[in-house]
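Student: I would like to learn how to read the backbone of a protein model. Could you walk me through it?

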Amino acid sequence: RQMYRNGVTGGIPIRHPQKTLYAMRVLAAIDDQYTRINLSKAYFKAYWQDGKEVDEMSVLQEVTDEHVKGMDVSKMAFDSVNSQRLKLNTEEAASRGAFGVPSYYVSGKLLWGVDRLFFVERLLGRKDAMPERLATPSKQGGSAYLTFYFDYSSPWSYLGCEQLESTIQSVEPISVTVEWTPILLGALFKNIGTSMVPLQAMAVAKQQYYAWELQQWSREVAKVSLKWPDSFPLRTVLPLRVTLASGCNPNIIKILYRAAWRDNLDIGNADVLKQILDENGFNSSHLLEEANSKPIKDILFKNTERAEREGACGVPSFQINHGPMIWGQDRLNVVADMICGWNSSTPNKL
């Protein structure tokens, strides 16, 4: 989907992964930036669009000759000086906090991911840069059905909830019906073989990056306050059941998210949860009683099974008109585009 959004045809090559060490050494050997950029693009195209075997020296030479004449890639790939250059580049990236590619280093700050280029733009001076939109709503309007899978245990899900209203407003006059679908994230993770707290399983550099990026998203994009709760990892079974007992009242959902991720309240504590509900005018006794009923427990389990069956791997996750799963609050621009009619079979602009 990301490739189509960027106007790139192709897909996962038949032979993947391939060894790219030789290609990287050739690029590390080139001093001229213009040549290095163009040849980098050529190698990417050969691998990801043309399906060529770039780990074969003859193929690498052929691709190089199409763009730069007179380069002996075999000699460059096995030159110890170029090998050392690539090693130093890698060490420099690691020292700046890199843990994957593509990574960008702008004004002393590392950013990771092709879908983070708008953050790069912001650091370069375009302060209003946002995730790219490719489609606009039809003036004739229409309707869409949006399923929002969530669990209060995720800060990213909190940000997704906070941005949902503005996302829906951005596709007007299309009328969007939201199905608020609470799930047990821990049960989903267990079933699909993911660590119960993925953040804690990450390398330190990646943990530090995500902590920084989370604050960037909350301040710069979602424009909400976010405080890491003292009670993390949150116990969310009871609040999720209360949510179902309320008929998935959007007001309760927003209140509980903000209580956990803005106000640092332990929503997994029954007494704290009761106080939150009472202070906001809800019948806590009734909701807590219903939350412990078998029908409510069954719905929560069925929701989780449904999310897994549909392909969810985390929260927040979204479906438009029961279509393909979209994961992440950082994909709300994609959600909006798909509500407007964009999909991976359409051009990169609609």
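Tutor: Let us look at some backbone features, one at a time. Please keep in mind that this is a predicted model.

Student: Which peptide bonds are cis here?

Tutor: The angle to read is omega. From Glu172 to Pro173 the bond is cis, and omega is near 15°. Phe232 and Pro233 are also joined by a cis peptide bond, with omega about 0°.

Student: Where is Pro173 found?

Tutor: Follow the chain from helix H8 (155–169) towards strand E4 (175–182): Pro173 is in the loop between them. As for Pro233, its loop lies between helix H11 (204–222) and helix H12 (237–245).

Student: Is Cys248 buried or exposed, and why?

Tutor: Compare the relative accessibility with the cut-off: buried means under 20%. Cys248 has 13% relative accessibility, so it counts as buried.

Student: What about Asn321, which has a positive phi as well?

Tutor: Asn321 is a residue other than glycine, with phi near 55°. The loop that holds Asn321 runs between strand E5 (317–320) and strand E6 (326–327). Because its relative accessible area is 44%, Asn321 is described as partly exposed.

Definitions and conventions:
Residues are numbered from 1 along each chain as its sequence is written. This is a predicted model: local features need pLDDT of at least 70, side-chain atom pairs count only at pLDDT 80 or more; totals for chains, interfaces and linings use all residues. Side-chain values use heavy atoms; hydrogens and water are left out. Helices (H or I, at least four residues) and strands (E, at least two) are DSSP runs, numbered from the N terminus. Buried means under 20% relative accessible area, exposed over 50%, partly exposed in between (1.4 Å probe, protein chains only).
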